[in-house]
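My notes follow in the order in which I looked things up.

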Amino acid sequence: MAVITIREALNQALREELQRDKNVFLMGEEVAAYQGAYKVTKGLLEEFGAQRVIDTPITELGFAGLGVGAAMVGLRPIVEFMTWNFSILATDQIINSAAKMLYMSGGQFKIPMVFRGPGGSAFQVSSQHSQALESWYAYFPGLKVVMPSTAADAKGLLKSAVRDDDPVIFIEQERMYGQKGEVPDDVDFTIPLGVADVKRAGTDATIVARSLMVPLALKAAEELEKEGVSCEVIDPRTIRPLDIDTIIKSVRKTNRVVVAEESHPFCGVAGEISAEINERAFDYLDAPVRRVSGADVPMPYAKNLENLAIPGVAQIVAAVREVAYL
Amino acid sequence: MEAEAPELEQSVEARKAEQKARLKGLDRKTLVELYYQMLLVRRFEEKSAESYSMGKIGGFCHLYIGQEAVAIGAISAVRRDDYVITSYREHAHALAKGMTPESVMAELYGKATGCSKGKGGSMHMFDKSVGFLGGHAIVGGQIPLATGVAFASKYLGTDQVTLCFFGEAAVNQGAFHESLNLAQLWKLPCIYICENNQYGMGTSVERAMSFQDISLKAHAYEIVGEIVDGMDVLAVREATRRAVERARKYSLPTLLEVRTYRFMGHSMSDPGNYRTRAEIEQHQERDPLKLFAATLRETGTISETELKDLDTRVREEVANALRFADESPEPDPRELYTDIYANPIPPTESAE
């Protein structure tokens, strides 16, 4: 087990999958010569050459669609969006082509493809470069949506995503690339898609958190432990398909739930999880499910306003106290 | 507006003379096959319209009548292992690429035996076995896909080429421009075939495009562009063959602007009040089937009797397709939840 950053873990996953299968190729803006805008693709051009690690023009709709076409006839593209914000230009190809191709062709054309890049809040880049889009993509049957929160998860899930035969939306958190964690060295280390992970076991309340909120939820759990409140922290890791059973199992044990997310609350993933819990485990709840979400505003630039827009440990702690009637 | 359409100025005799000159070097079998395919599309579409009116076909249904020479001429210039991808007006392309009238009609009828198992309908026909990649219904959406298919051929080192069909209205979409830029930047064996039928739904090209010489738009990307007479099946075939050679030998893209005209409405629900009956009739004088039949007859390639026999055969084939579609079962209700994922993730053990 090596201790490496999420950035390095992703880089390892890409390298290993490019080594394993010649039909895997990587394309995106600045992924090759520039070594990646966030250095996730560092060294890959050198090792695999310009035929497989491909710099694209700034033409998101064009290269996203090109990737889908290539996947229709047997390649396994990894398309990087420099950030997920720019994927908005490519949504027609992601949603209308990639997500629906298998279904509308009656099962003939699978799209084994990964769309990946950093998403969620970044540092002081204002509204157009700082937003969480997972609820958009998770809405569509045909897509899988993955959001890792640790270095090991990042590596294991990305490798599974590349090996998967469906289009996978892989959202890396922009602020978390430098976070370190232990990662197994085995080149066949993978983590299955669609399986949640209990990041911390507990008995009094469940905190469901993904991506940036996972380390914050763990800190909140530590603080609450001091007050004698034992929190279970569950990271779904895959948003679609959602491992709701692991969440429900926890709810039956703790009877109290907080769902934390950095995205906007309206029509969001936390709302969906809350609805699922209400439908499946209402009788086990001792308090209404509580959401902690990002502010329902475009992301501001000013540091103090930005801090107010993103949930922190204090809000999660307060929400748990609320559902525990403390 | 008629005076502004130079193709309408040309006499039928002049057009026949041009087409006859193109017969050179083509054997009888090929020529008859081309006519047969155009006729098959014509009769297939006529019956589709009837079935639509009877309520046997639902949703949107975009017919190809008037444009037959484009799909048939172009697709006759490629191999079976080459790829074809197109828009939602695709029944002809599907048939031309080798799909059976049965599987296409059954798809229109929403039956389990349809080429997409009844999940795609008129706008989403697919058949992997003949390299027919759809059937895409967002205007211009198939153009980046085609570019990617051609990219894959180059990546894998095959010599397959890709034909990408779209209407002239798609030229105003970003997808068109982004794709042409990538295709020439990366030297991809893709042939972009713009079927300029002069109307995007009810909006004429004059009302939609600031600069209407579509073939010249290729030059913005340093791609070879060519204007092709879309009412002459042999002209389309010749131009496509040149483009195919450029793609196969040199891995280069081409843009063909094929000038054609649809005789029917945009879809079955089109009231057609944006163009005059007289305009349609003028274009019907240029009917690609009429022209080709006359050329074949006058050159002694085919007799009047043989033409009639061919029509009888085609009508029978279409009748068989209709019967097959009618008698086929609807999709099993369980099909609703299949083909969503190639690797479905089974639910974990229920917590109930």
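**Overall.** I counted 12 helices and 14 strands in the secondary structure of chain A. Helices (H or I, at least four residues) and strands (E, at least two) are DSSP runs, numbered from the N terminus. The model is predicted: local features need pLDDT of at least 70, side-chain atom pairs count only at pLDDT 80 or more, and totals for chains, interfaces and linings use all residues. Residues are numbered from 1 along each chain as its sequence is written, while chains are lettered from A and ligands numbered from 1 in the order in which they are written.

**Size of chain A.** I looked up the radius of gyration, taken over C-alpha atoms; the globule rule is 2.2 Å times the number of residues to the power 0.38. For 326 residues a compact globule would come near 20 Å, and the 19 Å of chain A agrees with that. The C-alpha trace spans about 60 × 45 × 40 Å along its principal axes. Of the 326 residues in chain A, 59% are buried. A residue is buried if 20 or more other C-beta atoms lie within 10 Å of its own, exposed if 12 or fewer, and partly exposed in between, with C-beta atoms placed from the backbone. I then turned to contacts (C-beta atoms, placed from the backbone, within 7 Å). Among those in chain A with a separation of 6 or more, 79% join residues 24 or more positions apart.

**The sheet.** I traced an open sheet of seven strands in chain A, with the order 3-2-4-5-7-6-12 and mixed pairing. Two strands pair if DSSP finds at least two bridges between them. Strand 3 (53–55) and strand 12 (238–240) of chain A are the edge strands, each pairing on one side only. On average, neighbouring strands are turned by 20° against each other, direction ignored. Axes here are lines fitted to C-alpha atoms, for helices over the stretch in contact, and angles run from 0 to 180 degrees between N-to-C directions. Helix 7 (residues 151–163) of chain A packs on the sheet, and its direction makes about 160° with that of strand 7 (167–173) of chain A.

**Strand 4 of chain A.** I checked its two neighbours. Strand 2 (residues 24–28) pairs with strand 4 (residues 76–80) in the parallel sense over five bridges; Leu26(A) stands opposite Ile78(A), and Gly28(A) has Glu80(A) as its bridge partner. Strand 5 pairs with strand 4 in the parallel sense too, over three bridges, and there Arg116(A) is the bridge partner of Glu80(A). In a regular strand the side chains alternate between the two faces of the sheet. Here Arg76(A), Ile78(A) and Glu80(A) point one way, Pro77(A) and Val79(A) the other, and all are buried.

**Helix 1 of chain A.** I found that helix 1 (residues 6–20) has 15 residues and reaches 21 Å from its first C-alpha to its last, close to the 21 Å expected at 1.5 Å a residue. The expected span is 1.5 Å times one less than the number of residues.

**Interface.** Which chain gives how many residues to the contact? Chain A gives 43 residues and chain B 38 residues. On the side of chain A, helix 3 supplies the largest share, 10 residues.

**Phe176(B).** I located Phe176(B) in helix 8 (residues 174–185) of chain B. Phe176(B) counts as buried because it has 24 C-beta neighbours inside 10 Å.

Conventions: Two residues are in contact if their C-beta atoms, placed from the backbone, lie within 7 Å.
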